[in-house]
Amino acid sequence: MSTRRYRVVHTSTYAYTGPISASHNEIRMTPLTEEHQVTLESRLRIRPLTWSHTYKDYWGTSVTALETAGLHESLELEAISTVECSDADRPQPDTSWEELRSEETRDRCWEWLSVRTRTALPDDLLAWFSEQVEGLDPVAAVARAVDLIHEHLAYEAGVTVATTNAAEAWEAHKGVCQDFVHITLGVLRHLGVPARYVSGYLTPDSDAPVGEAIVGESHAWVEWFGGAWLGIDPTNLRAVGVDHIVVARGRDYDDVAPFTGVYLGDEEGELSVEVTVTRLS
């Protein structure tokens with residue numbers, strides 16, 4: 001069994017080209033507490049702030065809604081969390097096509113099987129994926145599909161943007177973790193495998209010395225249903241473990257975006273993000 005404790009500091013700064021009069025935003029930056037992950041401490045620092053309200057959304061994510069009223073030229077958000085992750089008793093895949101195609105599974109997981117604009121792929125491409133996994137059981141089919149996606153798509157920042165969908169990323173042959181996840185979701189759902197988008201943080205160096213803060217990153221991966229929910233990281237072609245910290249789940253990026261909102265004013269805005277991760281034990 002492996003257990004790791006981390007401190008994550010996620011700083012987002014939205015700077016405007018001039019003063020604006022008000023902004024309304026939602027942030028999803030608080031890690032979840034669940035079976036293999038416990039958030040021991042979490043706090044938000046928001047400057048400037050008029051009021052805020054924290055709630056759980058439909059998918060179980062902690063969301064802070066906030067308003068800043070009055071003239072301001074920037075909005076600074078800092079989320080500081082201490083999280084303990086464990087790989088003890090993580091579930092193993094145990095399912096069949098019959099179970100996945102049963103009325104009970106399809107009814108329970110229909111949201112994780114639905115076609116979305118973000119995850120839609122051309123029919124001919126989906127037919128090709130079906131041919132590539134023909135005759136394989138669900139576990140092997142998922143692994144084969146993820147391998148093919150990883151072979152086709154190269155990781156490269158700056159090629160795609162937050163609004164890029166799966167079909168556009170596939171055509172570009174390049175993308176970031178969000179694009180790997182959207183394509184994987186589109187393929188798995190087409191095959192009849194329930195799958196969901198997971199956002200959070202990835203520790204870039206699991207062997208980093210205790211107490212040393214290193215540059216981390218926001219990350220995204222996939223959970224698919226194989227008798228239980230199982231994590232797979234298509235960007236890095238690896239299973240999800242103690243180096244992955246879960247913040248939010250949803251059907252695609254639109255359900256889990258860390259920072260969304262609107263503001264009143266004619267000025268332009270630019271978002272900058274910094275994440276640091278410190279291994280505590």
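Rings of Phe, Tyr and Trp, the last taken by its six-membered ring, are paired if their centres lie within 6.5 Å. In this predicted model, Tyr58, Trp59, Trp112, Phe225 and Trp229 form one aromatic cluster, and the structure as a whole holds 11 aromatic pairs.

**Aromatic cluster**

- Tryptophan 112 and tryptophan 229 make an edge-to-face pair, with 6.1 Å from centre to centre and 80 degrees between the planes.
- This pair links distant parts of the chain, since tryptophan 112 belongs to the loop between α2 (103-108) and α3 (123-132), while tryptophan 229 belongs to strand β10 (residues 229-233), 117 residues apart.
- Tryptophan 112 is buried, with a relative accessible area of 10%, whereas tryptophan 229 counts as partly exposed, at 24% relative accessibility.
- Tryptophan 229 also pairs with phenylalanine 225, again edge-to-face, at 5.5 Å centre to centre and with 65 degrees between the planes.
- Phenylalanine 225 has a relative accessible area of 5% and is therefore buried, the limit for that class being under 20%.

**Largest pocket**

- The volume of the largest pocket is about 810 Å³, and its lining is made up of 32 residues, of which Ala162, Gln178, Ser218, Tyr253 and Pro258 lie nearest the centre.
- Two or more lining residues come from each of β1 (3-27), α6 (177-191), β7 (195-202), β9 (217-225), β13 (259-264) and β14 (269-279).
- Sorted by class, the lining of the largest pocket has 18 nonpolar, 11 polar and 3 charged residues.

**Second largest pocket**

- The second largest pocket has a volume of about 660 Å³ and is lined by 30 residues, with Arg90, Pro91, Trp229, Leu230 and Gly231 lying nearest its centre; Trp229 is also one of the members of the aromatic cluster.
- The elements that contribute two or more residues to this lining are α4, β9, β10, β11 (238-239) and β12 (244-250), and the largest share, 5 residues, comes from α4.
- By class, the lining of the second largest pocket has 16 nonpolar, 6 polar and 8 charged residues.

- Alanine 143 has its place in helix α4 (residues 138-152) and is partly exposed, with a relative accessible area of 37%.
- Although alanine 143 and isoleucine 232 are 89 residues apart in sequence, they are 9.1 Å apart in space, C-alpha to C-alpha.

**Cysteines**

- With a disulfide taken as a pair of cysteine sulfur atoms within 2.5 Å, the count for this structure comes to 0 disulfides.
- Cysteine 85 is in no disulfide, and the nearest cysteine sulfur, that of cysteine 177, is 17 Å away.
- Cysteine 85 is buried, with a relative accessible area of 1%, and cysteine 109, at 2% relative accessibility, also counts as buried.

Technical notes. Residues numbered from 1 in each chain as written. Predicted model: local features only at pLDDT ≥ 70, side-chain atom pairs only at ≥ 80, totals over all residues. Heavy atoms only, no water. Buried < 20%, exposed > 50% of the residue type's maximum accessible area, 1.4 Å probe, protein only. Phe/Tyr/Trp six-rings, centres within 6.5 Å; stacked < 30°, edge-to-face > 60°. Helix = DSSP H or I, 4+ residues; strand = E, 2+ residues; numbered from the N terminus. 1 Å grid on protein atoms, 1.4 Å probe; cavity = no way out; pocket = protein on both sides within 12 Å on 5 of 7 lines; lining within 4 Å. Points joined across faces, edges and corners; volume = space filled by probe spheres on them. Nonpolar A, V, L, I, M, F, W, Y, C, P; charged D, E, K, R; others polar.
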